[in-house]
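Biologist: Hello! I am new to this one, so could you walk me through how its helices pack and what its main pocket looks like?

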Amino acid sequence: MIVSIQDALDYLKADIPEKELRRKINAVESLIRDETANNFQECRMRFYAPAAGGVIKGNSPYLSIGDSIEIGESINEGIYTVEAIMEAEIGLDHRLYDTQHNMITKIVYPEAVKAGVLNMLQWELNMRSKTGIKSETLSRHSVTYFDMDASNSLDGYPVSLIGFLEPYYKARW
């Protein structure tokens with residue numbers, strides 16, 4: 001997970017159900033990975049392990065609880081969060097299919113990206129309902145809207161809010 005639930009709750013200072021917050025964090029993580037074409041993989045922290053009984057069999061000194069990993073070259077392809085580390089097993093936030101081959105790579109997000117995600121979540125919480133409003137006057141009630149087109153928004157977020165992604169864009173081949 002790009003930012004932990006607890007970090008998000010501490011930053012937002014709001015009462016949001018954990019399930020809803022987890023969904024929003026996962027959506028923002030997906031948006032960032034898709035938009036930048038950057039998977040933020042730390043390839044030096046990669047290993048291969050089988051999956052059985054819904055968990056990864058084996059262990060790695062690179063991983064700790066709360067880390068994001070990406071599984072590739074397997075039926076289990078996807079992004080997961082490490083939820084438990086036992087002596088010879090790693091439990092994830094989703095159950096895995098049994099298979100002998102999983103390429104597991106740790107995902108490491110820079111602090112600037114984590115801070116940007118927290119800002120996006122705060123905007124989502126406080127400003128999403130006001131999307132498109134440029135100005136609002138109370139006396140004689142006047143509301144001015146601005147265009148939310150491709151040139152000034154990305155997936156509903158203002159481009160000024162996602163400027164932190166600029167250094168992380170990768171070429172698309």
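This is a predicted model: local features need pLDDT of at least 70, side-chain atom pairs count only at pLDDT 80 or more; totals for chains, interfaces and linings use all residues.

Biologist: At what angle do α1 and α2 pack, and what does that make α1 relative to α2?

Modeller: The axes of α1 and α2 are 10 Å apart, and the angle between the two helices is about 100°. Angles of 65 to 115 degrees count as roughly perpendicular. With an angle of about 100°, α1 is therefore roughly perpendicular to α2.

Biologist: Which residues of α2 meet α1, and how does that contact divide by class?

Modeller: From α1, the residues I5, A8, L9 and L12 take part. Their partners in α2 are E18, L21, R22 and I25. By class, the contact of α1 with α2 comes to six nonpolar, no polar and two charged residues.

Biologist: Now to α1 and α3: are they oblique or roughly perpendicular to each other?

Modeller: Helix α1 covers residues 5–12 and helix α3 covers residues 111–127, and their axes come within 10 Å. They cross at roughly 55°, and the crossing is right-handed. An angle of 65 to 115 degrees would count as roughly perpendicular. At roughly 55°, α1 and α3 are therefore oblique to each other.

Biologist: Which residues of α3 make the contact with α1?

Modeller: On the α1 side, the contact is made by D7, A8, Y11 and L12. Counting both helices, the contact has six nonpolar residues, two polar and one charged. The α3 side consists of L118, N119, L121, Q122 and L125.

Biologist: What is the handedness of the crossing of α2 and α3?

Modeller: Helix α2 spans residues 18–36, and its axis comes within 11 Å of that of α3, crossing at roughly 125°. These two helices are therefore oblique to each other. The crossing of α2 and α3 is right-handed.

Biologist: Which residues lie nearest the centre of the largest pocket?

Modeller: The largest pocket holds about 290 Å³ of space. Its lining includes at least two residues from each of α1, β4 (78–85) and β6 (99–107). By class, the lining divides into seven nonpolar, four polar and six charged residues. Of the 17 lining residues, those nearest the centre are M1, S4, G66, D67 and S68.

Terms used:
Residues are numbered from 1 along each chain as its sequence is written. Side-chain values use heavy atoms; hydrogens and water are left out. Axes are lines fitted to C-alpha atoms, for helices over the stretch in contact, and angles run from 0 to 180 degrees between N-to-C directions. Helices (H or I, at least four residues) and strands (E, at least two) are DSSP runs, numbered from the N terminus. Angles under 35 degrees count as roughly parallel, over 145 as roughly antiparallel, 65 to 115 as roughly perpendicular and the rest as oblique. A crossing is left-handed if the near helix is turned anticlockwise from the far one by less than a right angle, and right-handed if clockwise. Contact means heavy atoms within 4.5 Å. Ala, Val, Leu, Ile, Met, Phe, Trp, Tyr, Cys and Pro count as nonpolar, Asp, Glu, Lys and Arg as charged, and the others, Gly among them, as polar. On a 1 Å grid over the protein atoms alone, a cavity is a set of points where a 1.4 Å probe fits but cannot get out, and a pocket is an open set with protein on both sides within 12 Å along at least five of seven lines; lining residues have an atom within 4 Å of a point. Grid points are joined across faces, edges and corners, and a volume is the space filled by probe spheres set on the points.
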